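This report describes how the parts of one protein chain are arranged and how they pack together. Please keep the sequence and the structure in view while reading.

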Amino acid sequence: MTALEITFSRTAPEIERIIDKMLVKISEITDYTFTHRARLIRPMLSYDTAAIALSFEPAAGESLPEGRPPSADTYTYHHLRRDLYDLSQSTGVEVASRYVVPSAHLTIARFVTQTDISRSQVDDMPDSAKVRKLVDHIETINSRLRDQYWPGEGRSIPTGGEWIVGQERGLDCRKGTLWYGGGETVRLGEGF
């Protein structure tokens, strides 16, 4: 999940200059979730013409885990993104993200071609029956996610239904060609 993208489509020397500017605060940024915990819940698949993602909503006090006070959810994923942006900007680096929508999602599939939903191999026009079948499959999965992992009246969230950003490991500052798991870690923050 990308909490904050600093820049995109830059040369390796440009990226190195950005990292050099940020090094003074990189530990503070990557360890930030150790003391600023944002809980995400309600996993569901979302989709557009480019990809399918597993998306989450910021928690707002529902079905809190044992020992977590209701006030803990007043700090949300949106606050986290704002703070990471401010910390990054404070290094003198201009944050120039490709996407500014504060979505909490993990991309799980990209549509490289339209072949699977096209009317034919030579016609790029979508076949409405194929698209409907894909959407129906996504909605079936979403129904299962809602039934199994979403909070409910008097029901706690089962394992896998929530994630506190920074759980197990802190934020991972990465550089390079990052899509599809590429690139390399500059610094991995402390988890809890």
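Serine 143 is found in helix 5 of this predicted model. Serine 143 is 98 residues from leucine 45 in sequence, but their C-alpha atoms are 9.9 Å apart in space. Helix 5 (residues 128-149) lies across strand 1 and strand 2, and runs at about 165° to strand 1.

**The chain as a whole**

The protein chain contains 5 helices and 6 strands. Read from the N terminus, these elements follow the order α-α-α-β-β-α-β-α-β-β-β. The C-alpha trace spans about 55 × 50 × 20 Å along its principal axes. Of the 192 residues, 32% are buried. Among contacts between residues at least 6 apart in sequence, 62% join residues at least 24 apart.

**Strands and their pairing**

Four strands form an open sheet with the order 3-2-1-4, and their pairing is antiparallel. Strand 3 and strand 4 (162-164) are the edge strands, each pairing on one side only. From one strand to the next, the twist averages 35°. Strands of a sheet pair through backbone hydrogen bonds, in either a parallel or an antiparallel way. Two of the pairs in this chain are set out below.

| Strand pair | Sense | Bridges |
|---|---|---|
| Strand 1 and strand 4 | antiparallel | 3 bridges |
| Strand 5 and strand 6 | antiparallel | 4 bridges |

Individual residues face each other across these pairs. Arginine 39 stands opposite isoleucine 164 in strand 4, and lysine 175 stands opposite glutamate 184 in strand 6. In a regular strand, side chains alternate between the two faces of the sheet.

Helix 4 (residues 77-89) consists of 13 residues and reaches 18 Å from its first C-alpha to its last, close to the 18 Å expected at 1.5 Å a residue. Its buried residues are Tyr77, Leu80, Arg81, Asp83, Leu84, Leu87 and Ser88. Viewed down the axis of helix 4, these residues fall within an arc of 165°, and so they line one face of the helix. An α-helix has 3.6 residues a turn, so residues three or four places apart point the same way. The buried residues of helix 4 pack against several elements, including helix 1 (12-22), helix 2 (26-30), strand 1 (39-47) and strand 2 (51-58).

The largest nonpolar core has 22 residues, of which Ile6, Met22, Tyr77, Leu80 and Leu84 touch the most other members. Helix 1, helix 2 and helix 4 each give two or more residues to this core, and helix 4 gives the most, with 4 residues. Leucine 80 touches Tyr32, Thr33, Ala38, Tyr75 and Val165, leaving aside residues up to four places away in sequence.

**Helix 1**

In helix 1, the buried residues are Ile15, Ile18, Ile19 and Met22. They cover an arc of only 100° around the axis, which puts them on the same side of helix 1. Among the elements that cover them are helix 2, helix 4, strand 5 (172-175) and strand 6 (184-188).

Notes
Residues are numbered from 1 along each chain as its sequence is written. This is a predicted model: local features need pLDDT of at least 70, side-chain atom pairs count only at pLDDT 80 or more; totals for chains, interfaces and linings use all residues. Side-chain values use heavy atoms; hydrogens and water are left out. The expected span of a helix is 1.5 Å times one less than its number of residues. Buried means under 20% relative accessible area, exposed over 50%, partly exposed in between (1.4 Å probe, protein chains only). The arc is that of the directions from the helix axis to the C-beta atoms. Contact means heavy atoms within 4.5 Å. Two strands pair if DSSP finds at least two bridges between them. Axes are lines fitted to C-alpha atoms, for helices over the stretch in contact, and angles run from 0 to 180 degrees between N-to-C directions. A nonpolar core is a set of buried Ala, Val, Leu, Ile, Met, Phe, Trp, Tyr and Cys residues joined through side-chain atoms within 4.5 Å.
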